[in-house]
Amino acid sequence: MKSVIILIVLLVSACSSISHKNTKYSHFESKVISNEKMSCRAIFVDETKVWLGMDKGRIGVYDKQKDTLVIKTIANVSNTTEFRSIASTKNAIFVLSVGNPAMLIKIDKNTLQETIVYREDNEKVFYDSMQFADELNGFAMGDPILDCMAMIKTSDGGTTWQKISCNKLPKVTDGEAAFATSNTNLIVKDKTIFMVSGGKKARVFVSNDFSETWKVYETPIVQGEEMTGIFTADFYDAKLGIIAGGNYMKQTQNSLNKAITTNGGKTWELIANNEAFGYASCVQFVPNSKGKQLISVGGTGMFYSSDFGKSWIKFSDDNQFYTFRFESDTVFYATGKNQLVRFEMK
């Protein structure tokens, strides 16, 4: 199959402004970049481009300066392939598919040349999230195939990847897995790795030495059913972190669905319980905010907090955003079902 490149003229809307009081920012302005039909749960923002991992075996590349979005079909994958994990080094973007077979593709940022750097064939394979710690070390995690979360790693900048043995990973309980909703199940800060789970258990797995040893911590997030648990996490640093999610089948339920840690995941405190958003697919700290400011997207809309998640204000009813990432401390790009939108906080 030859790669297909589609150049899409941007669909730019008039800036919308939603005002509210008593917050760091008085309003959020949005600019629609594209309404192309797509499902997108993986996004990476660098200085000049926004990279998207999409459905139907596609990636998206938005050039900020040219105001153009290129959608490229990856060669040698089926049109049912979904890339829900994305990560980056200086010169390459990596996308990883969910489902069988798992395909990890390295894409040159300049030429868009594709190289398959890892493939895994197993009827149970399902990768959820991927991140690089630095230019050499990267990790990806997925649902259990045996009695641990699946995990692969690279130490040569993504040229080769190796499966980590279950003997070196913490055991999971029956019915415990992860959700590939926004590429936020795996977070790496320096040499500390955080993984989160959902389903019958909602726990946090922490390694302080690049996956050599692990500790597992319980959380107060709702759990016990197939579609409950932690769907998203973020860490501002190695100590301050947030987990969120809830019950995918009860998206307005806003209890037991968000919690904060200040000690690297050892203990968690529920925040805004019975308040603010329900099911959340992605939560992120605002850069350079000392951890005070957060954004959340999910089934009940888009929310902003300026007090470590204690209180939240809704700034959009749009519940079709699945994931987002910041360009700066005032600009972020959000995507999901049939949309890519640039937001600016003012």
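Biologist: Hi! Is lysine 201 buried, exposed or partly exposed?

Modeller: Lysine 201 is partly exposed in this predicted model, with a relative accessible area of 22%.

Biologist: And which side chain does lysine 201 meet in a salt bridge?

Modeller: That would be glutamate 218, at 3.1 Å from N to O. The two link distant parts of the chain, 17 residues apart: lysine 201 is in the loop between β19 (198-199) and β20 (203-207), and glutamate 218 is in strand β21 (residues 215-218). Glutamate 218 is partly exposed too, at 44% relative accessibility.

Biologist: How many salt bridges are there in the whole structure?

Modeller: A search finds 16. One of them joins aspartate 46 and lysine 109, where the closest N and O atoms are 3.5 Å apart. Aspartate 46 lies in the loop between β4 (40-45) and β5 (49-54), and lysine 109 in the loop between β10 and β11 (114-120), so this pair ties together parts that are 63 residues apart in sequence.

Biologist: Is aspartate 46 buried or exposed?

Modeller: Buried, with a relative accessible area of 17%.

Biologist: Nice. What about lysine 171, which residue does it pair with?

Modeller: Lysine 171 forms a salt bridge with aspartate 147, and their closest N and O atoms are 3.4 Å apart. They are 24 residues apart, with lysine 171 in the loop between β15 (162-163) and β16 (176-177) and aspartate 147 in the loop between β13 (138-142) and β14 (150-154). Lysine 171 is partly exposed at 43%, and aspartate 147 is partly exposed at 35%.

Biologist: Which residues are linked in a network of salt bridges?

Modeller: Glu36, Asp55 and Arg58 are linked that way.

Biologist: Switching to arginine 325: how far away is the nearest side chain of opposite charge?

Modeller: It is aspartate 234, 7.2 Å away. Arginine 325 is buried yet has no salt bridge, because a salt bridge needs the nitrogen within 4 Å of a carboxyl oxygen.

Biologist: Where is arginine 325, and in which strand?

Modeller: Arginine 325 is in strand β30 (residues 321-326). Leaving aside neighbours within four places in sequence, its contacts include Ile43, Val45, Cys282, Phe332 and Tyr333.

Biologist: Zooming out, how many helices and strands does the protein chain have?

Modeller: Zero helices and 32 strands. The radius of gyration is 19 Å, close to the 20 Å that the globule rule gives for 346 residues, so the chain is as compact as a globular protein of that length. Buried residues make up 58% of the 346 residues.

Definitions and conventions
Residues are numbered from 1 along each chain as its sequence is written. This is a predicted model: local features need pLDDT of at least 70, side-chain atom pairs count only at pLDDT 80 or more; totals for chains, interfaces and linings use all residues. Side-chain values use heavy atoms; hydrogens and water are left out. Helices (H or I, at least four residues) and strands (E, at least two) are DSSP runs, numbered from the N terminus. Buried means under 20% relative accessible area, exposed over 50%, partly exposed in between (1.4 Å probe, protein chains only). Lys and Arg count as positive and Asp and Glu as negative; His and the chain ends are not counted. Contact means heavy atoms within 4.5 Å. The radius of gyration is taken over C-alpha atoms; the globule rule is 2.2 Å times the number of residues to the power 0.38.
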